[in-house]
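Please examine the structure shown below.

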Amino acid sequence: MRWLRRILIVLVVFAAAVYVFNASWRVAPPEGEVQLIAHRGVHQTFSRENLDNDTCTAERIDPPTHDYLENTLPSMEAAFAAGADIVELDVHPTTDGQFAVMHDWTIDCRTEGAGETRSHDMAYLKTLDIGYGYTPDGGKTFPFRGKGVGMMPELKEVLAAFPDRRFLVNYKSNEAREGDMLAALLGEHPEWRPAVWGAYGGDPPTFRAAELIEGLNVWSRRGLVDCLLQYEGLGWLGIVPHACRNTKVMLPVNFAPFVWGWPNLFLERMRDAGSEVILLGPYTAGDPGTAGIDTPEQLAQVPESFIGYIWTNKIETIGQLAADRFK
C-alpha cells in the first residue's frame with residue numbers, strides 16, 4: 001500500500017501544480033473594454049428548439065415587442081443607438097453584381113417571392129416585402145406583412161448610411177468571388193473601408209477578402225473548433241496552438257469556465273497570441289445557429305474582468321445592461 005500512497009501523493013501534487021499554473025488569479029485582470037456585436041441588428045427573435053439549417057425562422061418568431069426587421073437600415077440604426085459597437089449583417093451577390101443584405105439563402109421564407117436570393121437582381125429584390133412571412137402564432141396573424149416593402153438594402157446603402165460605424169460581413173456561400181467583390185467595392189469607395197470591421201462565414205470568400213483587404217478581421221468555423229479542442233489538450237502546459245493565434249476566438253459562455261485559465265489568464269494568453277475573444281451565448285448540441293448573450297441571466301455569467309466582444313441577438317436588452325456592468 002505504500003507505493004499506492006506515493007502514487008496518490010504524486011498525482012495530488014501534480015494536479016495542484018497544474019491548477020496553480022493555470023489559475024486565473026495568477027494574473028491581474030487584463031486592461032481593455034467590452035464591445036458589443038449586434039447579430040442582425042435589432043430583429044425579431046425566434047425559438048431555437050429543433051432548429052436546423054432549413055428552418056424558416058420567420059414562421060416561429062416570438063411575440064413581437066418592437067417593429068424592427070433584421071438586416072434593415074432601421075434595425076441597424078436602432079442597434080447602434082442601443083449600444084452596439086459592431087453590427088453583423090448577411091450578404092448575397094445579385095445577378096447585377098451587387099450585394100443584397102439578406103440572411104436567407106432563398107427569399108421564400110420572409111418574402112412573397114421565390115428562389116435563391118442570388119438568382120435575382122437588386123431591382124427585383126427591392127420590390128419584395130421582407131416582412132411578408134413573419135408570424136408568431138403559426139400563421140394566424142402576420143404582423144409585419146406590408147410593412148417591409150422595399151426594405152432589403154444593398155451593402156452600398158448600408159455603408160453610405162453608416163460610414164462612421166463598423167460592420168461584420170457574413171458570407172453565406174463558399175464562392176471566393178465574393179471576396180473579390182467586397183475588395184472591389186472598398187477599392188471604389190476607400191472612405192468605407194473603416195466601416196468593414198471583419199468578415200466570416202464561408203472560408204473561400206472570407207480568406208479571399210483577407211488577402212485583398214489589409215487589416216480585415218477574419219476567422220473560420222473549422223479554425224474555431226480546432227482552436228478550442230487543441231487548447232483544451234495543450235493549454236494546461238501554457239501552450240497556445242497555432243489555430244488560436246492572430247484570430248478571433250468565438251467562445252460559448254457555458255464552455256468558457258472549462259478553458260484553461262478562464263478568465264484572466266486565458267484572455268492574457270489569447271492577447272499575447274494576437275487574438276481576441278468573442279463571447280457567445282450557450283452552446284446547444286444540434287443548434288446550427290449562433291446563440292447570443294441575450295438575457296440578464298446570461299450576461300451575469302460574463303466575468304466583470306472580461307475584455308473582448310459580446311455577441312448578442314438582443315442588443316436592445318443587453319446594450320444598457322452591459323454598459324452598467326462593465327463601465
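How many bridges join β1 to strand β9? Five bridges link β1 to β9 (residues 308–312), and the two strands run parallel. The model is predicted: local features need pLDDT of at least 70 and side-chain atom pairs pLDDT 80 or more, while totals for chains, interfaces and linings use all residues. Residues are numbered from 1 along each chain as its sequence is written, and side-chain values use heavy atoms, with hydrogens and water left out.

Strands here are DSSP runs of E with at least two residues, numbered from the N terminus, and two of them pair if DSSP finds at least two bridges between them. Within β9, Thr312 is the bridge partner of Ala38. β1 also pairs with strand β2 (residues 86–93), in the parallel sense, over three bridges; there, Ile86 is the bridge partner of Ile37.

Because six of the six residues of β1 (residues 34–39) are buried, the strand is largely enclosed by the rest of the structure. Buried means under 20% relative accessible area, with a 1.4 Å probe and protein chains only. In a regular strand, side chains alternate between the two faces of the sheet. Both faces of β1 are covered, with Val34, Leu36 and Ala38 buried on one side and Gln35, Ile37 and His39 buried on the other.

A cavity is a set of points on a 1 Å grid over the protein atoms alone where a 1.4 Å probe fits but cannot get out; lining residues have an atom within 4 Å of a point. One cavity of 30 Å³ or more is counted. The largest cavity holds about 70 Å³ of space, and its lining residues include Leu69, Glu70, His103, Arg110 and Met152.

Notes:
Buried means under 20% relative accessible area, exposed over 50%, partly exposed in between (1.4 Å probe, protein chains only). Helices (H or I, at least four residues) and strands (E, at least two) are DSSP runs, numbered from the N terminus. On a 1 Å grid over the protein atoms alone, a cavity is a set of points where a 1.4 Å probe fits but cannot get out, and a pocket is an open set with protein on both sides within 12 Å along at least five of seven lines; lining residues have an atom within 4 Å of a point. Grid points are joined across faces, edges and corners, and a volume is the space filled by probe spheres set on the points.
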